[in-house]
Amino acid sequence: MSECTHDCSSCSQNCGERQQPQSFLEAPHPTTHVGKVIGVVSGKGGVGKSMVTSLLAVLANRAGYRSAVLDADITGPSIPKAFGLHVNAEGTEDGILPVVTPSGIKTMSINLLMENETDPVVWRGPVIAGAVKQFWTDVLWGDVDYMFVDMPPGTGDVPLTVFQSLPLDGIVIVTSPQELVSMIVAKAVKMAEMMNVPVLGIVENMSYFECPDCGKRHAIYGESKLDDIAAAHNIPLVARMPIDPKLAELADDGEIENVYGEWLDAFAAELMK
Ligand code: ADP
């Protein structure tokens, strides 16, 4: 046995001095009680991660659960816009109050704290990661059954902070057919494995376009390869969402709560069992 360096992370011996791996989990405000925390991840921006996050929160809310969205995508925050929220969050001595959507979903996003919602966030990684942590620790979320976290794309500093600081119960991977899907899925799955967080399913967004005249489906970005990839990783492919201009329009107009499509219904019901 080599001499002990007291660095348990680089040693596999199971000696009496061995220390438990350090937990970076942050405690929320004492008045916050969240049932399940579900992260929504993607390999790159623009694939519909915020769309899926918002729709899952809407479905949970419609099913009678208290739902919330934590927008951890600090440099590309699109949650307030999708819900038509153009106000500033208010604070009390105890913390920041979430902004509540017309149907009652609690949200927090950097855009709800900026003086001007078109101002860019030009911050370094650790500052961004700190803001995400504060959305968990300093927001007075109250009682929430399902919190959906719109994670920043990729596997960088900020997603890592979310994985380490928030008690994620699982993640949902959102992809689109034009991505390098197999690599993106493999990376997301490996990251989740390293963090001991289960992958609940993959959603393929912008999967096809259905012709409004003849009903024929067209694979605009090419045929999907996701069935094989999902099977290879033993993860369910839980939904395929079409490219739907109406969906984009409603999200752009802040009317995401008025989207009625069946694409995510089965998955949402499964999540909320
Ligand atoms: P991400 O969070 O991955 O960056 P968004 O959810 O913000 O992506 O979506 C990017 C853009 O694509 C938005 O304008 C959104 O309204 C639009 N969009 C997303 N999904 C669809 C879809 N299935 N059909 C049409 N437009 C979509």
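Q: What makes proline 152 count as buried or exposed?
A: This is a predicted model. Proline 152 has a relative accessible area of 10%. Buried means under 20%. Therefore proline 152 is called buried.

Q: Where is proline 152 found, and which residues does it touch?
A: Proline 152 is in the loop between strand E5 (143–150) and helix H4 (157–165). Leaving aside residues up to four places away in sequence, proline 152 touches Lys49, Ala72, Asp73, Val158 and Pro159.

Q: How many residues apart in sequence are proline 152 and valine 41, and what is their C-alpha to C-alpha distance in space?
A: In sequence, proline 152 and valine 41 are 111 residues apart. In space, their C-alpha atoms are 7.1 Å apart.

Q: Which residues of helix H7 are buried, and why are they said to lie on the same side?
A: In H7 (residues 245–252), Leu247, Leu250 and Ala251 are buried. They cover an arc of only 100° around the axis, so they sit on the same side of H7. An α-helix has 3.6 residues a turn, so residues three or four places apart point the same way.

Q: What covers the buried residues of H7, and which residues are exposed on the other side?
A: The cover includes helix H1 (49–62) and helix H2 (79–82). On the other side of H7, Pro245 and Asp252 are exposed.

Q: How do you know that aspartate 244 caps H7?
A: A side-chain oxygen of aspartate 244 lies 2.9 Å from the backbone nitrogen of lysine 246. The cut-off for a polar contact is 3.5 Å, so this pair is within it. Aspartate 244 caps the N-terminal end of H7.

Technical notes: Residues numbered from 1 in each chain as written. Predicted model: local features only at pLDDT ≥ 70, side-chain atom pairs only at ≥ 80, totals over all residues. Heavy atoms only, no water. Buried < 20%, exposed > 50% of the residue type's maximum accessible area, 1.4 Å probe, protein only. Helix = DSSP H or I, 4+ residues; strand = E, 2+ residues; numbered from the N terminus. Arc of directions from axis to C-beta. Contact = heavy atoms within 4.5 Å. Polar contact = N/O pair within 3.5 Å; in protein donor to acceptor, adjacent residues only side chain to side chain.
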